[in-house]
Amino acid sequence: MTSRRVAGVKPFQVMEILARAQRMEREGKRVIHFEIGEPDFVTPQRIRESAVQAINRGFTHYTESAGLLKLREALASHLEFTGRRFDSNSEIIVTGGVSQALFFALASLLDPGDEVIMTDPHYPCYPNFVCFLDAKPVYTSLTDDFKLDMEDLKEKISSRTKAILVNTPSNPTGMFLELKELRELAEIAEDSNSYVLSDEIYSGLVYDGRHRSPSILETGYDKVVMLDGFSKLYSMTGWRVGYVVCEPELAAEVLKLQQNFYISPSSFVQHAAVTALECRDEVRAMLDEFARRREYIVGRLQEMEGFKVKEPNAAYYIFPDVKAISEDSTKLSSYLLKEARVAVTPGIAFGRRGEGHLRFSYATSIENIKEGMNRIEKALKKFS
Ligand code: PLP
């Protein structure tokens, strides 16, 4: 008998769509991928070289459990945009990506029966983390503009609310929260004595001329947990490195979990992460390319019949409402994969209120986007 706890974990639907698309590719069919949530760029050369150098210099051992001090200090400097200087010894812990940071942070906070409020739609893994810890996800809706619905959020607060989990910029909507909204969120959390966990993994991927999206750390509220990482902005998904910033008491608990269950993040990867923080030009080049793709895909989807598009301002996702074509996003995405050989993620994968939407990731070349859009247009003419 395997564990009942693990039996309750739902499969990650994006991976299942990817597996189906890959089966088709093995049969020799060319599939256009809009389902994959990772940058298609190779990690910038300077970062790769830095890892190789670190390996050759013998950085192949465990590091301090909290991560290399050099990286934590670089992160403390990086975080100065918040107007605060975080203590690299007690408030910053380097992790194996945001996924692991989130798990350890939630595990350090939650008791069985506690409630965690999150948006619907949300990143699909969130409820799994919470349920795994015998806590309960409670869903709050978004406004039509994909903003937090503050009134609904207040209604969802109960005596069991332990934390509010947000993702800004958001997967799947591609929208970020303004500082004003984050301040309002922090006030709601403060009134109910709950934590705010803010997953900011897409923080630097913004397209409205700003350097980055606002961070929960700028609100000054102290019961916050900010999670960020290198996967997306630096095109380092396979390197598995992220970090968590929170008050010392909670950080000490996270550290205990890390010591026991992970020991330390990879040594040479952390050396490369220090270099990544210096790679402004390389990041700019990737962002410029994402911006071109965003403009193109937004234009094409806006022209397509049945697609209601809200122009995203961050990450590399677009989440059009397709109810005019089908209320059943699973059926529609299966049809597009079979008929058009275009892989997109059904909105329902992101929660009940994601139904009637499709999520496109434009982390693929303009040529692929063009081909994908042409195929969808053609296939939808025959859809019934
Ligand atoms: N959080 C969100 C919202 C994501 O979309 C993803 C990956 O797609 C992750 C976290 C995972 O981040 P990491 O690669 O740092 O574990």
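**Exercise 1. Work out which helix gives the largest share of the shell around the ligand, and what kinds of residues make up that shell.**

Step 1. Start with the helices: H5, residues 97–109, supplies three residues of the shell, and that is the largest share. Keep in mind as you look that this is a predicted model.

Step 2. Now find the residues that come nearest. There are 13 residues around the ligand, and Val98, Ser99, Asp199, Tyr202 and Ser231 are the nearest of them.

Step 3. Five of its residues are nonpolar, five are polar and three are charged.

**Exercise 2. Find how far an oxygen atom of the ligand is from an N or O atom in the side chains of Asn171, Ser231 and Arg240, and decide whether each pair is a polar contact.**

Step 1. Recall the cut-off: a polar contact needs a pair of N or O atoms within 3.5 Å.

Step 2. Read the distances one by one:
- For Asn171, a side-chain N or O atom is 2.9 Å from a ligand oxygen.
- For Ser231, the distance is 2.7 Å.
- For Arg240, the distance is 2.7 Å.

Step 3. The ligand taken alone exposes 400 Å², and the protein buries 93% of that.

**Exercise 3. Describe how H5 packs against H9, and how H11 packs against H13.**

Step 1. Take H5 and H9 (residues 248–261): their axes are 9 Å apart and the angle is about 120°. The two helices are therefore oblique to each other.

Step 2. Check the handedness: H5 passes H9 in a right-handed crossing.

Step 3. Turn to H11 (residues 280–303) and H13 (residues 366–380), which pack at about 15° with axes 10 Å apart. That angle makes H11 roughly parallel to H13.

Step 4. For H11 and H13, the crossing is right-handed.

**Exercise 4. Locate two cis peptide bonds and a residue other than glycine with a positive phi.**

Step 1. Begin with the background: most peptide bonds are trans, and most residues other than glycine have a negative phi.

Step 2. Look at Thr168 and Pro169, joined by a cis bond with omega about -5°. Pro169 sits in the loop between strand E5 (161–167) and helix H8 (179–191).

Step 3. Asn171 and Pro172 are also joined by a cis bond, with omega about 25°. Pro172 lies in the loop between E5 and H8.

Step 4. Finish with Ser235, whose phi is near 55°. Ser235 belongs to the loop between strands E7 (224–229) and E8 (242–246).

Conventions. Residues are numbered from 1 along each chain as its sequence is written. This is a predicted model: local features need pLDDT of at least 70, side-chain atom pairs count only at pLDDT 80 or more; totals for chains, interfaces and linings use all residues. Side-chain values use heavy atoms; hydrogens and water are left out. A residue is near a molecule or strand if one of its heavy atoms lies within 4 Å of it. A polar contact is a pair of N or O atoms within 3.5 Å; within protein, one must be able to donate a hydrogen and the other to accept it, and residues adjacent in sequence count only if both atoms are side-chain atoms. Accessible areas come from the Shrake-Rupley method with a 1.4 Å probe; for residues, only the protein chains shown count as cover. Helices (H or I, at least four residues) and strands (E, at least two) are DSSP runs, numbered from the N terminus. Ala, Val, Leu, Ile, Met, Phe, Trp, Tyr, Cys and Pro count as nonpolar, Asp, Glu, Lys and Arg as charged, and the others, Gly among them, as polar. Axes are lines fitted to C-alpha atoms, for helices over the stretch in contact, and angles run from 0 to 180 degrees between N-to-C directions. Angles under 35 degrees count as roughly parallel, over 145 as roughly antiparallel, 65 to 115 as roughly perpendicular and the rest as oblique. A crossing is left-handed if the near helix is turned anticlockwise from the far one by less than a right angle, and right-handed if clockwise.
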